[in-house]
Each structure stands twice: as structure tokens, then as C-alpha cells.
Amino acid sequence: MAYQVPASDIVSIIDAPPTPAASLAPGRRFVVLVHYESHPPITQLARPYLALAGLRIDPVLGGRQRTRRMTGLSVLALPGGRPRRIELPDGRSVGVPIWAPDGRRFAFTVDEPDGIAVWIADAQAATAAEVPGLRVRDVLGGDPASVGSTVRWARDGATLLVLGSAPPPEPLGAEPIEPHTAETSGKRTQMATFTDLLRTDADADRFASLATTVPLRVDPEAGTAVRLGEPDLYYSISESPDGAHLLVCRLQRPFSFRVPFPYFARRVEVCTSDGELQRVIADLPVSDEVPRHGVPTGPRMVSWEESTPASLVWTEALDGGDPLAKVDHRDEIFRLQAPFDDAPRSCALLEQRCLGWYDMAAAGQLLVTEHDRDRRWITTRLLDLAAPGDSRVIFDHSADEAYLDPGAPLTTVHPDGTRTVLQDGNQVYLRGQGASPAGDRPFLDRLDLSDLTTHRLWRSPPGAFEQVLGFSGDDRGSVLLWHESRTEPPNLVVARLDGGERTRLTSFPDPHPQLTGMDKRLLSYDRGDGVQLTGWLHLPPGYEPGRDGPLPLVIWAYPLDYGDAATAGQVRGTAERFTRLTASDPIWFVLRGYAVLQGATMPVIGDPETMNDSYVEQITAAAGAHIRAVAELGIADPERVAVGGHSYGAFMTANLLAHTDLFAAGIARSGAYNRSLTPFGFQTERRNFWEATEIYDRVSPFRYADKIAAPLLLIHGERDANSGTFPIQSERLFQAIQGTGGTARLVILPYENHGYLARESVLDVLAEQISWLERWLATAPIPAEPPVAEADDDWE
């Protein structure tokens with residue numbers, strides 16, 4: 001069956017250029033705009049790739065599979081420059097900018113027929129040139145949107161550290177035709193159900209061949225490259241702040257057939273600046289027995305201290321990586337300074353799991369964040385590695401808390417190439433989303449670390465939505481903002497913090513002016529048990545309930561877990577943002593006369609160990625409350641309500657159709673419906689199938705397929721690599737509905753992953769969704785031909 005295409009008004013919106021991404025340079029004097037193609041042709045996704053070790057590798061390119069094409073780069077100077085396009089070869093896909101410490105030059109990659117090239121650009125001149133003869137591989141070094149481990153500037157700001165393409169290996173030949181076998185004995189591998197894993201020794205050889213790189217120090221000006229090691233499976237390479245040492249991480253064989261490559265055996269080393277081994281920091285085995293929701297044992301997050309010439313810092317689990325272990329301290333932070341001859345020194349014992357840290361400007365100081373799994377709590381403390389007893393708590397709040405979220409610190413890259421928190425003496429700057437009962441209003445605060453007092457420098461104004469990218473230059477009185485409103489698409493602005501002059505830098509147009517008059521409002525109401533629910537209601541332009549009567553309603557949701565009702569009821573989002581329709585949005589239905597309740601909250605609240613015991617009851621109560629609230633406004637016809645969702649939202653959708661009669665139809669995309677196929681947990685469920693068999697069974701809509709009476713549209717990417725949402729989940733639910741006399745339609749999208757990208761695919765999905773609801777929710781359903789792969793008693 002051919003791809004379907006919706007009406008021209010929808011096609012024109014899908015084809016409209018997206019707003020580019022912005023990258024602010026060190027020193028904040030330039031911004032690079034990264035232009036990209038929202039929806040490549042299906043032929044791009046159809047390019048051959050090899051699924052190996054949890055990756056999808058393009059063997060011709062020598063890099064990860066490209067599913068989106070970045071089409072170009074533009075540069076603008078602050079505070080008032082206009083965008084200037086950098087001239088590049090036609091039809092090439094580029095990478096994101098990798099800024100040099102001077103804030104003027106940046107590197108980026110360009111995909112060529114013979115591999116991945118590296119270019120150097122001058123932001124002042126808006127020109128760029130290829131580094132001659134250089135090809136790199138990003139198989140292990142990072143995805144094409146963030147190749148910082150494959151290509152990075154050395155601390156001197158003049159040379160690059162890259163993972164270069166290794167010499168072509170001997171041809172491996174065709175994969176042998178032989179049985180695939182696996183054996184287990186005694187291991188307890190209770191990890192996620194990963195996809196695209198190695199299956200055979202031939203797979204392992206192909207992966208090793210494609211992932212092998214050569215570490216190089218490249219001088220772009222001179223066109224020279226110095227080898228820093230033999231070809232190997234390099235994961236990352238980084239330089240100490242003084243430039244005298246290298247931190248090298250590489251994978252080691254034998255590989256695992258149970259887990260993806262980040263869990264393979266790996267070795268972390270310190271070398272001299274020219275690649276000579278100085279010390280092995282960690283020699284870690286395969287991490288295929290990590291406890292559920294736990295961490296691997298041994299050193300993790302090994303990195304350079306950015307404010308010390310040559311000093312390493314890392315953390316290690318003290319509880320075996322098991323969050324259920326009863327211990328006084330879960331993690332320990334270690335430090336090892338040059339010349340790396342002594343034993344690592346313990347610097348801090350952490351009661352909870354370390355999530356990471358920011359380097360402060362002062363030597364040896366870190367801003368460390370811990371997570372208390374049992375309390376769902378976040379604690380951030382200022383730690384001095386030389387005097388850990390003097391550590392101070394800076395932030396302490398619920399992980400679910402939105403209104404009191406303090407924000408995250410701004411960071412900066414210094415001229416010597418080090419990256420730290422941006423500080424003026426004891427003062428740091430915090431950027432946050434600013435959730436409030438009236439909606440999000442992003443902010444910029446100045447925090448004094450000496451007494452923890454906070455001064456608000458800026459807050460998004462009423463009637464608009466603005467987000468700070470950073471300061472403009474060295475001026476602490478001006479900031480670079482993304483500005484948007486209900487009627488204005490996002491554009492870059494330089495604004496004075498005192499409310500003075502504003503300079504608009506870009507003029508990206510409205511891609512769908514026909515939606516300018518759309519009514520968008522925040523609704524809030526009680527679930528029926530004291531829990532507050534919210535949703536963002538979108539109504540067709542010009543609609544008036546008293547004049548036009550009730551509309552068919554689409555409820556689109558994604559359930560989230562919370563530890564308490566107070567945080568579950570907090571408002572997240574805002575009505576003041578510009579509504580930019582994307583392919584995954586449900587707001588398209590507004591164009592066809594529907595009311596759409598987007599982001600309808602479906603909170604599942606309770607003890608983290610057992611909250612899913614009442615999953616069905618909680619989402620049922622929320623769904624009923626959403627329908628009642630919109631119907632009581634005279635906006636929704638309660639007999640014509642559809643529910644939809646993607647991934648975990650699809651799981652919710654199928655459950656609501658199985659356990660309630662609230663909906664006239666449903667749309668479920670890329671979901672999981674049989675939880676026995678995700679036996680070691682799903683979402684935040686902490687128990688395995690054998691510990692909570694009854695619950696896994698009860699929340700599996702596949703088990704209740706015979707109760708699904710409302711028509712259900714199932715959509716799935718043929719090559720969904722998301723853990724747990726294999727295409728077989730949709731196929732088996734469809735077959736179950738088909739076999740029990742229900743009504744369903746199954747759409748499998750060729751070459752698509754968990755989210756859908758190709759132009760042909762997204763247009764087909766939109767056409768399918770609109771046709772499905774017109775068929776089942778419209779007052780006069782449109783007749784349809786019996787489609788391929790459809791189960792419906794009416795057609796038998």
C-alpha cells in the first residue's frame with residue numbers, strides 16, 4: 001500500500017524550514033546557527049547500515065547512521081550582527097560547531113562520499129576550509145549532533161585532538177551461515193531489553209573493524225598530523241588543563257553479546273602528551289550484571305579537574321552499584337594528581353548516588369549533585385577536594401519539584417581551554433525554567449555562594465516566552481535570548497537586563513499563519529481525590545462554544561510518576577510559547593475542527609516501589625476528570641473523545657481502551673503492550689516480572705485485548721531500537737484484537753525508529769491519524785475501503 005499524503009495545508013507546514021539551533025561561542029561574541037532538515041527523504045533512512053553493539057553504523061561513511069541532515073551553518077556577531085551563511089559544498093551534511101577557546105574559530109565535520117571530513121571556520125570572516133587529507137570516525141566518539149569526543153580542540157587552542165580513520169582493514173567477507181547460540185550459567189543480567197546487539201563472532205569482528213580509530217594531534221594551519229597511539233577501539237581522548245597529559249578511554253575484547261558497547265570491557269589510562277602510557281586508572285570488565293537502576297562498579301565519570309593543571313577526579317560505588325543495598329555511603333569521590341605515582345586519595349564519602357559535578361573556578365572545588373532514590377531527592381553541595389569536611393549544601397529539593405527548581409549554573413570556556421562554572425568572585429549565575437502556577441517563566445539568577453542569597457536578574461515577561469542562552473560578550477548587563485510569543489515564532493534577541501534597548505538578530509517567519517488565531521489556554525482541575533490535573537487546551541481559530549457547540553476532543557498524554565500529590569499537581573509548560581507544529585504533535589487536529597487537550601497530566605503517585613499497583617485506577621480517574629472538565633465548559637462532546645500517545649503514552653492509551661468506555665477511538669504509536677516482554681522493569685518500575693507478576697499482567701493491555709472495544713490505530717517504526725518497544729509489541733496486540741473481534745488498524749513504517757523522521761513517513765502518519773478520527777469521531781463518518789492489515793467486524 002502506497003504512502004498516504006494529507007491535504008496541502010498540512011504538507012506545506014511539514015515542508016516549512018525549522019528554526020535553526022544556536023551555539024554561543026566562548027567569550028560570547030559570536031553565535032553559530034545550525035540549519036537542518038526536519039524530515040529527510042525515506043531514501044536516507046534506507047541507506048544500508050550494520051546493527052552492532054547497540055549502534056547503527058553506516059559502513060560506507062565510517063560513522064553512525066545519519067537519520068537527519070544538517071544542511072548548513074550561519075554566523076552572526078554580537079551584539080547586533082546579521083546572519084552570514086558559510087559557503088559549503090552542496091548537498092553535504094555538516095556537524096555542530098566545536099568552538100576553539102578563542103571564541104572565534106570553530107571546527108565541524110562534513111560527511112563526504114569517502115568518509116567524515118573536518119573543516120575549520122573563522123566566525124569573524126564567516127569563511128571555512130577543509131583540513132586537507134583528514135578523515136575521522138564517530139562510531140564510538142559520539143553521535144553526529146555532538147562529535148565532541150571525535151573532534152576536540154587541544155588546550156593550546158591551535159591544534160585538534162581527533163579520532164582519525166584507521167587504515168582500511170582486510171575484507172571480512174560474507175557473514176558465515178551458521179546457528180546463533182547463547183549460553184548462560186549463574187549470571188544475573190537483569191538489565192533492559194537492549195536492541196541491535198552483537199550476535200556472532202563475525203558481528204564482533206565487523207564492529208571492531210568499523211570502530212577502530214587512530215588518535216591524532218592535528219595542526220590545521222600546517223596541515224600536519226601526529227599519531228598519539230596505535231589503532232585501537234578509542235572511546236574518548238582528552239587533554240589535561242596544562243596540556244602535558246592525555247586521558248584515554250578505550251574498549252577491550254572480548255565483547256559482550258548481552259549489552260551495548262558502553263558496558264563493554266574498557267580501560268582508562270593516563271598518557272603523556274605524545275601518547276606514552278603513564279598509568280592505568282581503571283581496567284573494567286564487561287558490565288552486564290549491573291543491578292536494576294544501579295551503576296557499574298569501579299571508577300566511573302573519570303575526568304580532569306578543570307581548574308588544576310593535571311589532576312583526575314572520579315567516583316566509585318560503595319554499595320556494589322546496587323540501590324537496594326543498605327549502606328551508610330553509596331559513592332566515594334577520588335582524586336589523583338600528577339605525576340600519578342601515588343595511590344588515589346579519597347576526598348569525599350557521599351550518602352547518595354553521585355549524578356555528576358560542575359568544575360568551579362577555584363582549584364579543587366566541585367559542585368556535586370547526589371540523588372536519593374528512596375526519597376526521590378536531589379542534593380547539590382559545594383565540595384573542596386582538599387577539605388571535604390568543609391562541604392556545604394547549596395540546593396536540597398525533591399526531584400519532582402518544579403516550582404522550587406533553582407536552575408543550572410552557566411558555564412564558560414576560558415582562553416586556556418578549561419571549562420568551569422561562570423563566576424564573578426563568589427557569585428554564580430543560574431538559568432532555570434521558572435515553573436509556576438501560571439506557567440513557565442524562565443529566569444536568570446545570581447547566587448552568592450558565601451551566604452546563598454539569590455538576586456533575580458531577569459525573568460521572562462508576561463505575554464511572551466524568553467530563554468537565556470548566555471550573556472552577550474563580557475557585559476553582564478546584556479543577555480542573548482530566544483524570544484517567542486503566541487503569535488511570534490522564536491527569534492534571537494540581545495536584551496538589556498535593565499529593560500532598556502533590545503536588538504533583534506534574526507527574522508524567522510511564521511511557518512503556519514493560519515494558526516495565529518488559535519485559542520490556547522491552561523486548564524486546571526481536581527482528579528477527584530485532591531490531586532490537581534492540568535492540560536493545554538487548543539481550539540480552532542474563531543471557535544466560540546455558545547455559538548458553535550461542542551467539538552470532538554483529542555486527549556494526548558504521557559503518564560509520569562511522582563512521590564506526592566503536591567508536586568504531581570504543579571504546572572509545567574506555558575500558553576505563551578509559539579505553537580510550532582511538528583510531526584509528532586497532536587495539535588494538527590485543530591486544523592480539522594477538533595479541540596485538543598495536549599499534555600494532559602496522567603500522574604501515577606505513590607511509593608516508588610509499588611506505585612504501579614494502582615496504575616490503571618489512577619490513569620482512569622485522570623482520564624475521566626479531563627473529559628468532564630472540558631465537557632463542562634461546553635467545549636467537548638463527551639461521546640466523541642479520542643485518546644492518544646507515543647511510547648509510554650501509547651501504553652496508557654491501550655490500557656484506557658481496555659479498562660474504560662470513555663473513548664470513541666484511540667491512537668497508539670510505538671508502544672509496549674505486553675510487559676512480560678520487558679521483564680526487568682519498565683519506565684520507573686523497580687520490580688521484575690517474577691517479583692510482581694500480577695502487576696505486570698494487570699498493566700499489560702495485551703492481556704485484556706478482548707476488552708478493547710473502541711477502534712485503535714496502532715503505528716510503529718519497523719526498526720524501533722528503543723528498549724522494550726519492539727515492533728512485535730504492536731503486531732501482537734493487533735493480532736490479539738483481530739482474533740477477539742475488535743477493531744484496529746496497524747501501520748508499520750519502513751526504516752523508521754522509535755520516532756518517525758522521513759518526510760514520507762510523517763505525512764503518512766498524519767494522514768492516517770486524521771482519517772482515523774474522521775472515521776470514528778465525526779458526526780457523519782467518512783466511508784472507507786477495507787484497508788490492508790485491518791481487523792474490523794464491520795468488514796467481515
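**Close-up views of a predicted model**

**View 1. The W772–W776 pair in helix α10.** W772 is buried, at 2% relative accessible area. The model is predicted. W776 is partly exposed, with a relative accessibility of 24%. Both tryptophans belong to helix α10, which spans residues 759-777. Four residues separate them, about one turn of the helix.

**View 2. Aromatic pairs and their geometry.** The count of aromatic pairs comes to 22. In F689 and Y696, the ring centres are 5.7 Å apart and the planes meet at 90°, so this pair is edge-to-face. Y696 is buried, at 1% relative accessibility. W772 and W776 have ring centres 5.8 Å apart and planes at 65°; planes over 60 degrees apart count as edge-to-face, so this pair is edge-to-face.

**View 3. An aromatic cluster that includes F689 and Y696.** Tyrosines Y558, Y615, Y648 and Y696 take part.

View 4. Q618 is buried, at 7% relative accessibility. The Q618 side chain reaches the backbone nitrogen of I605 at 2.9 Å. A polar contact, also of 2.9 Å, links the side chains of Q618 and S614. Beyond neighbours within four places in sequence, Q618 touches R527, P603, V604, I605 and M611.

**View 5. Arginine R375 over a tryptophan ring.** The charged end of R375 sits over the ring of W377, 4.3 Å from the ring centre.

**View 6. Arginine R476 over a phenylalanine ring.** Here the charged end of R476 sits over the F471 ring, 5.2 Å from its centre.

Technical notes:
Residues are numbered from 1 along each chain as its sequence is written. This is a predicted model: local features need pLDDT of at least 70, side-chain atom pairs count only at pLDDT 80 or more; totals for chains, interfaces and linings use all residues. Side-chain values use heavy atoms; hydrogens and water are left out. Buried means under 20% relative accessible area, exposed over 50%, partly exposed in between (1.4 Å probe, protein chains only). A polar contact is a pair of N or O atoms within 3.5 Å; within protein, one must be able to donate a hydrogen and the other to accept it, and residues adjacent in sequence count only if both atoms are side-chain atoms. Contact means heavy atoms within 4.5 Å. Rings of Phe, Tyr and Trp (its six-membered ring) pair if their centres lie within 6.5 Å; planes under 30 degrees apart count as stacked, over 60 as edge-to-face and the rest as tilted. Helices (H or I, at least four residues) and strands (E, at least two) are DSSP runs, numbered from the N terminus. A charge sits over a ring if NZ of Lys or CZ of Arg is within 6 Å of the ring centre and within 35 degrees of the ring normal.
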